Each structure stands twice: as C-alpha cells, then as structure tokens.
Amino acid sequence: MSDLVTAREELMAVAIGQLGELLDRMDTLAPNLDASRMELLITSTDLAKKVEAYSKRMDEITENAKVQTVKHIARRADEMARGTVDTQTRAMEEAARTVFRHEVGPALQRVTLPLQDVADLARKGARPWEGWLLHAATAVLASAISWAMAAWLWLR
C-alpha cells in the first residue's frame, strides 16, 4: 500500500505543480488580455467613427445623386417640351397654310376676278386715275380679307 500512497502523492505533486504553472501562465496572460481588450475597444471606437463618417459621406453622395437626377429629369423634360412646342408650331403653320390655300385663296380669287374685270374696263376708259383707284380698292379689300382671315384663324 505504501507504493499506492507514494504514487498518489507523486501524481498529486505533479498535478499541483502543473496547476501552479497553469496559474503562472494565467497571471501572465491576464495583462495581455486586458491590453487586447483595450486595443479592441479603441479599434471599435475608431471603427464606429469611421462608419459614422462613411454614413455621412454616403448621405451626401445620395443627396447629390438625387439633386443631379432631378436636374437631369428637368432638363430632359424641358427639351421634350421645347421639341413638342416646335412640332406643334410647325403643324399649326402647315395647317394655316393649307386652310389659306384651300379656303381663303379661292375666296380671294372669286373676289378679285370681278375686280380685275372692272380694272380692265377702267384701263380702257379715259380716266387713268380710276385704274389706280381700283388697284388701291383691291389692295385694301385683299388686306382686309387677309386680316379678317388671320384674326379668325388666330381666334380659332
């Protein structure tokens, strides 16, 4: 039995020695853990500041992108509106020409043909000023009809 007690005591002595080594290692590890914890806290704080700065910068970039997008949309809408106005203006001008050609032109010809006949008769007459008077009357009448038609088209 004494061998068992000695073996047991030896094992206990070795275990106590290893426990002491383990405690010594833990004592040397504790300051390292505290230093690591402090560095981790500092790094965490720095990272939080950088994330906050990054977040602010991203907000600024996003806001700038919104402003630029709105400006681009407004610019394109203005270009489209100008193009539409130009197209409508050309279409209205063409419609006015067509109306004038098909409706006003023949009416003016019907009015001027008898006046031309009268002008021919006046030329054959003895009074030369009557021809000029006829031309003036024709011009005034044509101008009045043109103005009336233009006003009518404008109001329409």
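1. Burial and surface. In this predicted model, 6% of the 156 residues of the protein count as buried. The accessible surface comes to about 13500 Å², and carbon and sulfur atoms account for 65% of that area.

2. Overall dimensions. The radius of gyration of the protein is 53 Å, whereas a compact globule of 156 residues would have a value near 15 Å. Along the principal axes, the C-alpha trace spans about 170 × 30 × 20 Å.

3. Secondary structure. The protein contains 2 helices and 0 strands. Helix H1 covers residues 2–124 and includes Leu23; helix H2 covers residues 129–155 and includes Leu141.

4. Leu141 and Val111 stand 30 residues apart along the chain, and their C-alpha atoms are separated by 8.9 Å.

5. Nonpolar patch. Leu19, Leu22, Leu23, Met26, Leu29 and Leu33 make a nonpolar surface patch of about 580 Å². One of these residues, Leu23, is partly exposed, with a relative accessible area of 48%.

6. Side chains of opposite charge can pair when their charged atoms come close. The structure holds 6 salt bridges, some of which are described below.

7. The Arg82 and Asp78 pair. These two side chains meet in a salt bridge with an N to O distance of 2.3 Å.

8. A network around Arg97. Glu94 and Arg97 form a salt bridge at 3.3 Å, N to O; being 3 residues apart in helix H1, they are separated by about one helical turn. Salt bridges with shared partners join Glu93, Glu94 and Arg97 into one network. In the salt bridge between Glu93 and Arg97, the closest N and O atoms are 3.9 Å apart, which falls within the 4 Å cut-off. Glu93 and Arg97 lie 4 residues apart in helix H1, about one turn of the helix.

9. Glu93 is partly exposed at 40% relative accessible area, Glu94 is partly exposed at 38%, and Arg97 counts as partly exposed at 44% relative accessibility.

Methods. Residues are numbered from 1 along each chain as its sequence is written. This is a predicted model: local features need pLDDT of at least 70, side-chain atom pairs count only at pLDDT 80 or more; totals for chains, interfaces and linings use all residues. Side-chain values use heavy atoms; hydrogens and water are left out. The radius of gyration is taken over C-alpha atoms; the globule rule is 2.2 Å times the number of residues to the power 0.38. Buried means under 20% relative accessible area, exposed over 50%, partly exposed in between (1.4 Å probe, protein chains only). Accessible areas come from the Shrake-Rupley method with a 1.4 Å probe; for residues, only the protein chains shown count as cover. Patches are made of residues with over 30% relative accessible area and no salt bridge: like charges are joined within 9 Å, nonpolar side chains (Val, Leu, Ile, Met, Phe, Trp, Tyr) within 5 Å.
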